[in-house]
Amino acid sequence: MPSPSFADMRRRNALKIVATVRGTPQVSRADVARLTNLARATVSSIVDDLIGIGLLMESGSKQSAKGRRPIGLTFNPEASFCAGISVEYNRLDLVICDLDGVSHIERRICIPTVLDAGALSDTIGDAITTALSEANIAQLRLGSIGLAIPPRVGSERPTADPSFIPIDFMEVANRLQASLSCEIVLDSHLNMFAIAQTHRKCLPDEAETILIVRAGSSVHSALLLKGKLFEGRERRAGQIGHIKVPGLGGQCYCGGNGCIETIASDLAIVASCAASQQDVRSLDDVMHYASSGDQTCEATLKKAAYGLAFGVATAINLLAPDMVIVAGSSFVDHHQTRAELTNVIESLALPEILQGCQIVIGTSDPQAEALGAALNAVAIHDLLPGPLSL
Ligand SMILES: [Zn+2]
């Protein structure tokens, strides 16, 4: 049994070797020793173990006139996989990607709206194990799990509030960690969306200031400045949902009145329509009725679009961004909503600021948040299985 300090040192050396091979594919053991300043015997012994756990691969040995030629080493990104889950009140988006961030599985799963932490963690666990099994990936190769969840606001929301997902996500994370034996990383939907969009190079290089607005169970925004998230004090920036719209909206869980949150969150829209149209149980129902000419549902969607656009136009006037992306909820993709959003933004934002601003309504990448969560998990994933006996 090696001493703890010896094991630590060997682990650090192993990570250094992995990083060197990742950066220099087909590198020989001798060159790894040179590049890492480690003894050749140490490198050889650790490399043998890393090959044993599948993190490194050899490209084959060659016999030359001078004897055995060095074997090229490469990193195996499929030695381990990370899962990313975006949790909304009515659905899970799931992505499983390898250590290079390449997505192997992407899917959307509808879930019942009333799940407690135990049921939600079971549902997420089942979704991950089913996806791994269908892709023939052994569960042992699951590294970490990233969860994209609604960001916290300053005050705790009362559970009676209809716009609240009454879930303790720390409890979900703890339960998942216990059942799947891997680390769980929590972050907000928007941060994860931004990570994925940056990773997939969906955002134009010339756009230095990008505002992302996410509707859904609640309404939030994120600001990307030169590719970096602006998080504000105590990471509280982006509460666009709590901008008050004059003359509209109701009592908000934040304590204020007339917040966009009470007009344009999915659940506020559904609650408003359900009060007068009892067949309405979901946002899909609202959009279906609106398309069939139901005036209540049409008016509610229009009001929601106005409220959301009011916040977006306010943010545009304040920030003069190069680009604005409005996404998250399927209601922003509805044709009536899109038209209203565009009209209101154009009427409320200053024309000279709007002129240089590209506005994208809806997203062509519905799995972006889940992919971002998976990439976040990859970024913190300790590549080596522990306790390391290397
Ligand atoms: Zn509020």
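Mentor: Start with contact, which means heavy atoms within 4.5 Å. Helices (H or I, at least four residues) and strands (E, at least two) are DSSP runs, numbered from the N terminus. The model is predicted, so local features need pLDDT of at least 70 and side-chain atom pairs pLDDT 80 or more, while totals for chains, interfaces and linings use all residues. Residues are numbered from 1 along each chain as its sequence is written, and side-chain values use heavy atoms, with hydrogens and water left out.

Trainee: What makes the buried residues of H9 line one face of the helix?

Mentor: In H9, residues 283-291, the buried ones are Leu-283, Val-286, Met-287 and Ala-290. Seen down the axis of H9, these fall within an arc of 95 degrees, so they line one face. The arc is that of the directions from the helix axis to the C-beta atoms. An α-helix has 3.6 residues a turn, so residues three or four places apart point the same way. The face of H9 turned away from the buried side carries the exposed residues Asp-284 and His-288. Covering the buried residues of H9 are elements including helix H8 (266-274), helix H10 (295-319) and helix H11 (335-348). After H9 comes Gly-293, whose phi is positive, near 95 degrees.

Trainee: Which residues are the protein donors of the zinc ion?

Mentor: They are His-242 (ND1), Cys-252 (SG), Cys-254 (SG) and Cys-259 (SG), at 2.0 to 2.3 Å from the zinc ion. Donors are N, O and S atoms within 2.8 Å of the metal (3.2 Å for Na, K and Ca); water is not among the atoms, so sites may look incomplete. The spacing of the donor residues in sequence is H-x9-C-x1-C-x4-C. His-242 and Cys-252 link distant parts of the chain: both are in the loop between strand S12 (228-230) and helix H7 (261-264), 10 residues apart.

Trainee: Why is the arrangement around the zinc ion called tetrahedral?

Mentor: The four donor atoms subtend angles of 105 to 121 degrees at the zinc ion, and therefore the arrangement is tetrahedral. Four donors count as tetrahedral if all angles lie between 85 and 135 degrees; four count as square planar and six as octahedral if opposite donors are over 155 degrees apart and all others between 65 and 115; anything else is irregular.

Trainee: Why does His-242 count as buried?

Mentor: His-242 has 14% relative accessibility, so the label buried applies. Cys-252, with a relative accessible area of 4%, is buried too.

Trainee: Why does Ser-329 count as buried?

Mentor: Ser-329 has 2% relative accessibility and is therefore buried. Ser-329 sits in the loop between strand S13 (323-327) and H11. Not counting residues up to four places away in sequence, Ser-329 touches Ala-215, Gly-216, Asp-266 and Leu-283. The side chain of Ser-329 also reaches the backbone nitrogen of Phe-331 at 3.0 Å. A polar contact is a pair of N or O atoms within 3.5 Å; within protein, one must be able to donate a hydrogen and the other to accept it, and residues adjacent in sequence count only if both atoms are side-chain atoms.

Trainee: Why does Ser-80 count as buried?

Mentor: Its relative accessibility is 8%, so Ser-80 is buried. Ser-80 belongs to the loop between strand S4 (73-75) and strand S5 (81-87). A polar atom of the Ser-80 side chain lies 3.2 Å from the backbone oxygen of Arg-141. Leaving aside neighbours within four places in sequence, the contacts of Ser-80 include Asp-98, Leu-142 and His-381.

Trainee: Why does Ala-127 count as buried?

Mentor: Ala-127 is at 10% relative accessibility, so the label is buried. Ala-127 is part of helix H4, residues 117-134, and touches Leu-94 and Ile-109, not counting residues up to four places away in sequence.

Trainee: How many helices and strands does the protein chain have?

Mentor: There are 13 helices and 14 strands. Of the 390 residues in the protein chain, 50% are buried.

Conventions: Buried < 20%, exposed > 50% of the residue type's maximum accessible area, 1.4 Å probe, protein only.
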